[in-house]
Amino acid sequence: MRRALLLLAVAAGAVLLTALVLGTGTPAVAPHRLPAVLGASGGVEHVVVTELRVPRLLLGVLTGAALGLAGLLLQDGLRNPLAVPELLGVSSGAAAAVAVTVVTGAAVPFAPLLPAVVGAVTGGALTLLAVRGAVGPAAVLLIGAGVGAALQALLLAAVAMTGSSEQGVLVRYLLGSLTGTTWATVTPVLPALAVAFVAGVAVLPLLGPLRLGDDAASALGLRTGAARAAVLGVACLLVAAVVGPAGPVAWVGFLAPQLVRVLLPAARPLPRAAACAGAGAAVVVVADLLARTVLYPVELPVGGFTAGVAIVAGGLLLVWRRPRAARAAGPARAAGPARAAVPVRTDGPAAAVDR
């Protein structure tokens, strides 16, 4: 019953948020008029809603879902709640590739999508090559952060070389933005995302043993190095597929799994992954709605909202969950040293044995 009510509330919230996103802007469309506008054969409202707002909403949903699932894979695969796609080198690689393309003025087809995808794959590949032979998830995380920092330095150097007329557009993209999204922006990423989501579902069984630690996973017959590399590779693919059209939308992969751990602490792997994808989609869509309306008609980068909200809310969730975990572990620790309560004789014939 509780699960049915939760699903009903989620569905109602999704419908309400969709109507709000599609109806907000100029021209404004009331929720009860949306079916007629969507089914119309022409008109300004029909064109604006179907050619601009619907693909923008779809890209926001796909971006958030991919980043939420990538965050789950990283945090469970590396056993670290602070593992985020930004520490893979994928987002930094995509942003650096776009910046270099703008600076050099190279005529690259499908820009910035193609340069971003190539840069994201390159950054993820560098991280995967660098972590070969790394011992433990902490080492993987530190190596990924180092690769990301190196690519970030390249990015800053490229931005410093751009002209003033190009810096505004480049900085907006580098912060993550859904501005100007059309069907031509969304369509090329659908095949890559389909492959990435299927691969994400395929590696979910690896997360359970990896969460137990390397020794326990090895005892279960899992090759931890290969399994962790597979999880990282799928996370790279998920991020690379969306960072091209949307830019590096920051910290969604950190917040979405934290929300799911609080709301669904005992969920099975597949529902948990679906919940992380849904939470990430909701975060990006709400952030984009705020980016469009807070300083209307000026649009703000969606990545600025996601980063601010994710860092504050995710940090609070981590702090809130830590005392609960400590309280849950308390009885187990109290039961452990029960043998110490048995008195030990220090005199008499049995003293030598007792000692």
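Two residues are in contact when they have heavy atoms within 4.5 Å of each other. In this predicted model, 75% of the contacts between residues at least 6 apart in sequence join residues at least 24 apart. The chain has 355 residues, and its secondary structure consists of 16 helices and zero strands.

**Burial and surface**

- Buried residues account for 42% of the chain.
- The accessible surface of the chain amounts to about 17800 Å². Carbon and sulfur atoms contribute 72% of that surface.

**The largest cavity**

- The lining of the largest cavity is formed by V21, R53, R56, L57, G60, L178, V285, D288 and R292.
- Two helices, α3 (44-77) and α14 (269-293), each supply at least two residues of this lining.
- The helix that gives the most to the lining is α3, with four residues.
- Sorted by class, the residues lining the largest cavity comprise four nonpolar, four charged and one polar.

**The aromatic pair**

- One aromatic pair is present in the structure. The rings of W251 and F254 have their centres 5.7 Å apart, and their planes meet at 85 degrees, so the arrangement is edge-to-face. The cut-off for that class is an angle over 60 degrees.
- The two partners fall into separate accessibility classes: W251 has a relative accessibility of 29% and counts as partly exposed, whereas F254 has a relative accessible area of 4% and is buried.

- L175 is located in the loop between α7 (164-174) and α8 (183-186).
- With a relative accessibility of 41%, L175 counts as partly exposed. The class of partly exposed residues ends where exposed begins, at over 50%.
- L175 and P301 stand 126 residues apart along the chain, yet their C-alpha atoms are separated by 6.0 Å.
- When neighbours within four places in sequence are left aside, the residues in contact with L175 are P248, P301, G303 and G304.

Definitions and conventions. Residues are numbered from 1 along each chain as its sequence is written. This is a predicted model: local features need pLDDT of at least 70, side-chain atom pairs count only at pLDDT 80 or more; totals for chains, interfaces and linings use all residues. Side-chain values use heavy atoms; hydrogens and water are left out. Rings of Phe, Tyr and Trp (its six-membered ring) pair if their centres lie within 6.5 Å; planes under 30 degrees apart count as stacked, over 60 as edge-to-face and the rest as tilted. Buried means under 20% relative accessible area, exposed over 50%, partly exposed in between (1.4 Å probe, protein chains only). On a 1 Å grid over the protein atoms alone, a cavity is a set of points where a 1.4 Å probe fits but cannot get out, and a pocket is an open set with protein on both sides within 12 Å along at least five of seven lines; lining residues have an atom within 4 Å of a point. Ala, Val, Leu, Ile, Met, Phe, Trp, Tyr, Cys and Pro count as nonpolar, Asp, Glu, Lys and Arg as charged, and the others, Gly among them, as polar. Accessible areas come from the Shrake-Rupley method with a 1.4 Å probe; for residues, only the protein chains shown count as cover.
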